[in-house]
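This briefing goes through salt bridges, nonpolar cores and backbone geometry in turn. Please read it alongside the sequence and the structure shown here.

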Amino acid sequence: MSKALFKLLLVFSLLTASIFSYGANEPVRIAEASALEVVQEGEHGPSIEHSEEVHAAEHHTPPGWTVIPFVVLLLMIATGPLFYEHFWHKNYPLVAIALATLVVLYYLFGLHNVHGPIHALAEYVQFIALLASLYIASGGIMIDIDKKSSPIANVLLLFVGAIVANLIGTTGASMLLVRPYIRLNKTRIKAYHIIFFIFAVSNIGGSLTPIGDPPLFLGFLKGIPFFWTLQHNIGAWFFALALLLTVFYILDKRNNSNYGLADEEISYTNKVKLVGFRNFIWLAVVIGSVFLDPNVISWVPAIHYDGQKFSFLREAIMLAVAYFSYKFANKKAIDGNEFSFEPIREVAFIFIGIFGTMMPALAIVSGFAASPEGSQLISHNTLYWGTGMLSGFLDNAPTYLNFLTAAMASQGGDIGSISQVVDFAKGGVFHDSVLDLKAISIAAVFFGAFTYIGNGPNFMVKSIAEQIGIKMPSFFGYIIRFSIPFLLPLLILVWLVFFAFVG
C-alpha cells in the first residue's frame, strides 16, 4: 500500500516529488534515517549512526492509511459550502479539531512520536499569530477610495497591492486593501475581482522579500540572504504580474454591469481618505517582531526542545498587537470596514485541522523521496512542479521548507547549517543550487494561489468577500473556473520562460 501511495502522490505532483523532510522547521529526520549511514557532527567530530537509528526512525513513519483524515478534511472543505452548507458552517470547528485530534493521538500513542505533533503545534502558533495580528491591525485602517471604478484603476490598485505585499506581507496587504478594493467596485463587483485579487496581492505579489510570504520568511530564518529573493525573483514576478493584470484588464473592460453591492446613482469626489493611521504603527511592530527568532538572534529567549529553539517572544508580541490594535482602534475605521472576527476564526479552525492532519502526508512523501529512487527525481524542473502542486493543496510554507531541505539533502547539504544554506543560495558550492532555490521559491509563492487553502490570506479574503455579500465560487469552482483556465497557463509560461530550458 505504501508503494502505491508513494506513486499516487508523485503522480499528483506531476511525477515530481523529490527528497522531502518531515515538518516545516525540522531537519530531514526520515531522509537521514533511510540512509544506511548517517553522519552527525558531535562534540568530538563526526560519528556514524547505523541500523538502530534507521529502525527507530522507521518506527515513527506513519502507515499510508493515516492520510485519510487529511483527505477527508480537504474534501469537506471543498464540498461543505456547496452541498451541506448549514452543517458545515455550524460544525467546521468541531470537524477540523476532531480530525486533527485523531491523527495527533495516533502519533502519540500509536507511533509513540511526540516530535511531529509538537513541531506542528509550534508551526501553527507561529502561523496563526502572524495572520491574526496582521488581520486585526489592518482591520483598524480604513482606506476610502471615492472615485468611479474603471479597469485601469483596478489594475493600478492590484499592482500597488503587489508591491505593498513585499513590505507588510501578503496577509497585511490583503487585509489592508481588499475592503477598499471592494468598495471601489461596489456597483460592478463580481467574483473574478476577488479571485484576481487573491492571485496578484495575496500570493504572486509577495515574492520579492522574505516578509512578503511565509515560505520565503522561513527560508530567510534558515539563512537565505534578505535580498536574495529580490535579486532572483523579480524577473518572474514582473512577467507573471504583467500577464495576469493584462488578462484582468481584458476581463474588466468587458464588465459593463452597473450592479453589485450598490445600485443607486453615486456622485464621486475623486478623493482618497485614510482613517486609523495609528494602526500602521501596530503593523510596523508586527513586521519588526518577525525578526525576533532565537535561531538567528542568540539573546532572544526560547523554549528548548529536542535540540531546537522554539520562539515564543515573537508570538507573544504579535498576539499582544492583535489585542491592543483592536482595543485602541479608531471606531470609525472598524465600523467602516464592517470588521468581524469571523474570517480569522474560520482560518484558525480550518488550519488547526490542516496542520494536524497533514503530518502523515508530508512524512510519507518524505519517506519515498529520501530513497535512492526518489533522489534521482531532483532537478529544478521537478522542484518547480513538485513544490508548486503540493503548495496549492497543502500550506505552502512547510512545503517550501521541505523541498528546500530535500534539494540540499540530495547534494549532501544540511538545512540546519546556516553557512551551508548561504552557500546553497549564493551558488558555486552545490550544483545548480541557485536555480533549484529559485524554482522552489517561485513555485511555493505562485502556486499558493491555486486553491483557497494554498496560502492563509486566500481563505481570509474569501471569507471577507462572502461576509460583505459577494457570492464566491466553491473550492472546486475556484479551481475549475479560475485556477485552471487563468492561473495554470500562467504557471506553465513562467516555467517555460524561466526554468524549462535553463541549465
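## Salt bridges, cores and backbone

Aspartate 293 counts as buried, with a relative accessibility of 4%. The model is a predicted one, and a search of the whole structure finds five salt bridges, among them one in which the side chains of aspartate 293 and arginine 314 meet, at 3.2 Å from N to O.

**The salt bridge of aspartate 252 and arginine 188**

- Aspartate 252 forms a salt bridge with arginine 188, and the closest N and O atoms of the pair are 3.1 Å apart.
- Here too the pair links distant parts of the chain, with aspartate 252 in helix H10 (residues 228–253) and arginine 188 in the loop between helix H7 (151–184) and helix H8 (191–200), 64 residues apart.
- Aspartate 252 has a relative accessible area of 0% and is therefore buried, while arginine 188, with a relative accessible area of 7%, is buried as well.

**The salt bridge of glutamate 342 and arginine 345**

- The side chains of glutamate 342 and arginine 345 meet in a salt bridge, with an N to O distance of 3.5 Å.
- Both residues lie in helix H14 (residues 342–357), and because they are three residues apart there, about one helical turn separates them.
- Glutamate 342 counts as partly exposed at 34% relative accessibility, and arginine 345 is partly exposed with a relative accessible area of 37%.

**Nonpolar cores**

- The largest nonpolar core has 137 residues, and within this core the residues with the most contacts are Tyr384, Leu404 and Val494.
- Helix H7 contributes the largest share of this core, namely 14 residues.
- When residues up to four places away in sequence are not counted, valine 494 touches Ala236, Phe239, Ala240, Tyr384, Ile442, Phe446 and Phe499.

**Positive phi outside glycine**

- Histidine 112, a residue other than glycine, has a positive phi, with a value near 55 degrees.
- The position of histidine 112 is in the loop between helix H5 (85–110) and helix H6 (115–139), and this residue is exposed, with a relative accessible area of 51%.
- Glutamate 338 is not a glycine either, yet its phi is positive, at about 50 degrees.
- Glutamate 338 is found in the loop between helix H13 (331–336) and H14, where, at 52% relative accessibility, this glutamate counts as exposed.

Technical notes. Residues are numbered from 1 along each chain as its sequence is written. This is a predicted model: local features need pLDDT of at least 70, side-chain atom pairs count only at pLDDT 80 or more; totals for chains, interfaces and linings use all residues. Side-chain values use heavy atoms; hydrogens and water are left out. A salt bridge is a side-chain nitrogen of Lys or Arg within 4 Å of a carboxyl oxygen of Asp or Glu. Helices (H or I, at least four residues) and strands (E, at least two) are DSSP runs, numbered from the N terminus. Buried means under 20% relative accessible area, exposed over 50%, partly exposed in between (1.4 Å probe, protein chains only). A nonpolar core is a set of buried Ala, Val, Leu, Ile, Met, Phe, Trp, Tyr and Cys residues joined through side-chain atoms within 4.5 Å. Contact means heavy atoms within 4.5 Å.
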